[in-house]
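Hi,

Here is the model I promised to pass on.

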Amino acid sequence: MAGKQMKLLLLVSVVISSLAVNVLAAPLPRAIKELSARPPFLGLISSGSGNQETPFSVDGAFKPDPEFPYVDLSGRRFNIGTIGSNSVIIVGCGAGLVNAAATTQLLLDIFPIRAVIHYGTAGGADSSLSLGDVLIPTQFSQTGLWDWLKSEKAPQPDNGVADLQFSRYHVPSFGFNLLGRVAYMKERFFSVTGEPDVPERKFWFPASENLLQIASTLEGIELDLCLAGVCLPKQPKLVLGVNGTTADFFVENAAYSNFLHSAFNVSSIDMESAAVIMTSLSNGQSEVIAIRGLANFAGAEEGEDSSERYDALLAINVEKIVAALVDTIPSPRLSSICGNRKCSA
């Protein structure tokens, strides 16, 4: 008797579990199907890990969708809603190239996206800029793809762009360094516009000319100097027309930051932007742009230039630029910015 009761309990448990899974899983395909039938969204990818309660820092700018406020996919929350007259999807990717590329690919695969706007903070590599400035670079490179050469005298590889010779940084300046030289290599770029399995060698990946033109109308926008008693050293400003670079490491060394600036003329250093832009372009989505607020400068004394101290203020200012850009982009019914999808009539 006890055995039969146990079997019955197990059967009931399996049925209940199956029903629970079906109830939880059922809304997801419906949400994806119905969202895919709507006019294309602007995809907003934050470099952070996301915030379920407040996906956007600017008060009142983001209004959640009343029917589908969010969709959870692959451990990420895609927040659905509007900013101004545009429908948007906001998702946090988390730190690093792989997280950024995976999130971008998922966004483009699942949702109808007409443009991608990436944003977050970065380290500064240009001493003419100030802590808290918000940059919209024209193009990004990926400076984490290296060929560590056998010696200082090894020839530059065919696909090398520049090299870092460690002995140049000796103090005093003489002798050899067993670390030798690192050559910075071009990416192997695969694209829907190219031949299958035939990559193009590229070092720079451009932001959208259309979005850069729209962003240029925001020059002179007023950014916050202080927040809750914390003030930046100087009034922050929006800066366009610069270059940015990305790699899978956080740069705190001033000598290396100066090298990147002198070798590649970059003004910002981050860990995600090139991956978002490269993945978008690889999928044929040319309407992509990245916005980065300068959170620190390498080599600053502890406490003098702390990114954590200004995190909340930087988030407000960066997202203020994002909101202004989104609000300035024409809605799908008026815009030619529709990426690889046909604009809705």
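One term before the rest: buried stands for under 20% relative accessible area, exposed for over 50%, and partly exposed for what is in between, with a 1.4 Å probe and protein chains only. This is a predicted model, so to speak of local features we need pLDDT of at least 70, side-chain atom pairs count only at pLDDT 80 or more, and totals for chains, interfaces and linings use all residues. Residues are numbered from 1 along each chain as its sequence is written, and side-chain values use heavy atoms, with hydrogens and water left out.

Aromatics to begin with. The structure holds 14 aromatic pairs (rings of Phe, Tyr and Trp, the last by its six-membered ring, with centres within 6.5 Å; planes under 30 degrees apart are stacked, over 60 edge-to-face, the rest tilted). W146 and Y184 make an edge-to-face pair, because their ring centres are 5.9 Å apart and their planes are at 70 degrees. That pair links distant parts of the chain, 38 residues apart: W146 sits in strand β9 (146-148) and Y184 in strand β11 (181-185). (Strands are DSSP runs of E, at least two residues; helices are runs of H or I, at least four; both are numbered from the N terminus.) W146 is partly exposed at 31% relative accessibility, while Y184 is buried at 0%.

F189 and F205 are also edge-to-face, with centres 5.4 Å apart and planes at 65 degrees. F189 lies in β12 (187-189) and F205 in β14 (204-206), so the pair ties together parts 16 residues apart in sequence. Both F189 and F205 are buried.

N253 caps the N-terminal end, with a side-chain oxygen 3.1 Å from the backbone nitrogen of A255. Just after α5, N265 takes a positive phi of about 55 degrees.

Lastly, β6 (113-124) is among the elements that each supply at least two residues to the lining of the largest pocket, and β6 gives the largest share, 6 residues.

Cheers

Definitions and conventions:
A polar contact is a pair of N or O atoms within 3.5 Å; within protein, one must be able to donate a hydrogen and the other to accept it, and residues adjacent in sequence count only if both atoms are side-chain atoms.
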